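Here's a quick briefing to skim before you load the model into your viewer.

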Amino acid sequence: MYEDCRRKSSSRGPPSHFPHRVVRAGINQRSGILADIIHSSDTHWFPGLIYNWRRGALQRFAAQLIPGIFSLACTEMTSSDPQQMLRVDASDARVFVENVLVGNGVPRENAVIVAACLVEADLRGVDTHGLNRIPSYMARIREGVLDPTASPTLCQVTPAVAQIDGHNGFGFLAAHAGMAAAIRMARDLGIGMVSVKHSNHFGMSAWVVQQALDAGMMSLVFTNSSPALPVWGGKSKLMGVSPIACGAPAGKGRPFIMDMAPSVAARGKVYKALRRGEKIPKDWALDKDGKTTDDPAKALEGVMLPMGGPKGSALAVMMDVFSGVLSGSAFAGHVTNPYDPSKPADVGHFLVAIKPDLFMSIDEFKERMDYLYSRVVQSDRMDGVDRIYFPGEIEQLNKEQRLHHGIPLVQAEVDALDREAQRVGCVHIKAAPAPARSRL
């Protein structure tokens, strides 16, 4: 009755070609000063402490906070500083990205989806997966290893299971179509599962979770990625820093949104530090000789470190099983880095949507979620902690602030975006210096 998708997989063996979000406690943002320091030093996800896997977090936060204050103070005094903080309005950012994508051959309707996902990452404070990805994506299009014209296709396997073929197009499109199919099946059957093959990097996983939340659904969102992490006990890159994400709607409280990498820090944070000429904490990565480093360039030559040792390593392997092995995409270290324009990435994803009223009414479910939220955020606080946040809450607060104040970028990042616009004859991005108060 249902088409057999298994024989259509082109992969025969290996092909040739949590930052994040756990229950967190943080320093209370009593003013915009701390919020902007957090954004500028790439600690948007980390205003204080991260429980469980991160010992000594408070000391590392202070170590990043102090140089952040100094850097911003220098920016305030020297307006010609190439790292001066600028602000871009979210709507302007979306229009800019859409136009650059269309200029590179992406159909307008697809460009709208990709632009919305990238800007959503910046709004939530996940700057590593936002506008700054445009230059690397456009490089892959120019090198012919990402198809700008491709649209995903769906193969229905059973009433509750489907597979999406991304056809080497944007991962955003494949994941968006996959979650839409999962939601449709979940509405009818209570649950929908979609495997995605032959895709590409889809940015911040939380936007896929939000797509399910907007439809009133719970979700699981898995993906694999290019080698960056050694397996526990190894020293060479094999597994990807592949995010694990999930979510659940709530009533009056904040929804649950978890989006985290199985490494101490997401690799995108290292690329961001490299762009901005910043150092990284020494517990994030090892250089090619196996030594700790605070140099992002040396870190990218080496390996990222798994959170929790063997636990983070096992989570990375799990992502490869569900996203790579199951889908028929690349796996076991054969996914291509999104910054490597030499061959297709062949990324795989695994998406699940779940109807939350399967075992009780939706009102009761939401009441229980609100109770969980209140229990978490009202927990007894450890010494030195002013506020406890629900998973995903900090990013939602970031979005509220950035919708009002704009998306922060440094001049070097704006210049890189403008070069992409110039290549295709688009208007440059509208960026203005941040007001003195918001920069501090």
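The protein has 14 helices and 17 strands, where helices (H or I, at least four residues) and strands (E, at least two) are DSSP runs numbered from the N terminus. This is a predicted model, in which local features need a pLDDT of at least 70 and side-chain atom pairs count only at pLDDT 80 or more, while totals for chains, interfaces and linings use all residues. Residues are numbered from 1 along each chain as its sequence is written, and side-chain values use heavy atoms, with hydrogens and water left out.

**Confidence and overall numbers**

- The average pLDDT (the predictor's confidence in each residue, from 0 to 100) is 84, and 80% of the residues score at least 70.
- Residues 9–80 have a pLDDT below 50, yet beyond near neighbours in sequence this stretch has 179 contacts in the model; a contact means heavy atoms within 4.5 Å.
- Of the 440 residues, 56% are buried, meaning under 20% relative accessible area, with exposed over 50% and partly exposed in between (1.4 Å probe, protein chains only).
- The accessible surface is about 18,400 Å², and carbon and sulfur atoms account for 56% of it; areas come from the Shrake-Rupley method with a 1.4 Å probe, and for residues only the protein chains shown count as cover.

**Nonpolar cores**

- A nonpolar core here is a set of buried Ala, Val, Leu, Ile, Met, Phe, Trp, Tyr and Cys residues joined through side-chain atoms within 4.5 Å.
- The largest one has 60 residues, and L101, F170 and M179 have the most contacts inside it.
- Helix α6 gives the most to this core, with 10 residues.
- There's also a second, separate core of 17 residues, which includes A261, V264, V270 and A273.
- As general background, nonpolar side chains tend to be buried together in soluble globular proteins.

**F170 up close**

- F170 is in the loop between β5 (161–165) and α6, and it's buried, with a relative accessible area of 2%.
- Leaving aside neighbours within four places in sequence, F170 is in contact with L101, V106, V114, Y137, M138, I141 and L146.
- P148 is 22 residues from F170 in sequence, and the two are 7.2 Å apart in space, C-alpha to C-alpha.
- N168 is in the loop between β5 and α6 too, and counts as buried at 17% relative accessibility.

- The buried ones are A206, W207, V208, V209, Q211, A212 and L213.
- They pack against α4 (108–123), α6 (171–189), β7 (218–223), β10 (244–248), β11 (256–260) and β14 (347–354).
- G216 follows α7 and has a positive phi, near 75°.
- β14 is largely enclosed by the rest of the structure as well, because seven of its eight residues are buried.
- β14 pairs with β6 (residues 191–199) in the antiparallel sense over seven bridges; two strands pair if DSSP finds at least two bridges between them.
- S199 has V347 in β14 as its bridge partner.
- β7 and β14 run antiparallel and are joined by six bridges, with M218 opposite I354 in β14.

**Aromatic pairs**

- The whole structure has 10 aromatic pairs: rings of Phe, Tyr and Trp (its six-membered ring) pair if their centres lie within 6.5 Å, and planes under 30 degrees apart count as stacked, over 60 as edge-to-face and the rest as tilted.
- F256 and F390 make an edge-to-face pair, because their ring centres are 6.0 Å apart and their planes are at 70°.
- This pair links distant parts of the chain, 134 residues apart: F256 is in strand β11, and F390 is in the loop between β15 (387–389) and α12 (393–405).
- F390 is buried, with a relative accessible area of 3%.
- Ring pairs also link Y137, F170, F172, F202 and W207 into a cluster.

**An open sheet**

- Three strands, in the order β16-β3-β17, form an open sheet with antiparallel pairing.
- β16 (407–410) and β17 (432–433) are the edge strands, each pairing on one side only.
- β3 (residues 85–88) and β17 share two bridges, and L86 has P433 in β17 as its bridge partner.

**Positive phi**

- Most residues other than glycine have a negative phi.
- N168 has a positive phi, near 60°.
- A332 has one near 55°; A332 lies in the loop between α10 (310–325) and β14 and is partly exposed, with a relative accessible area of 34%.
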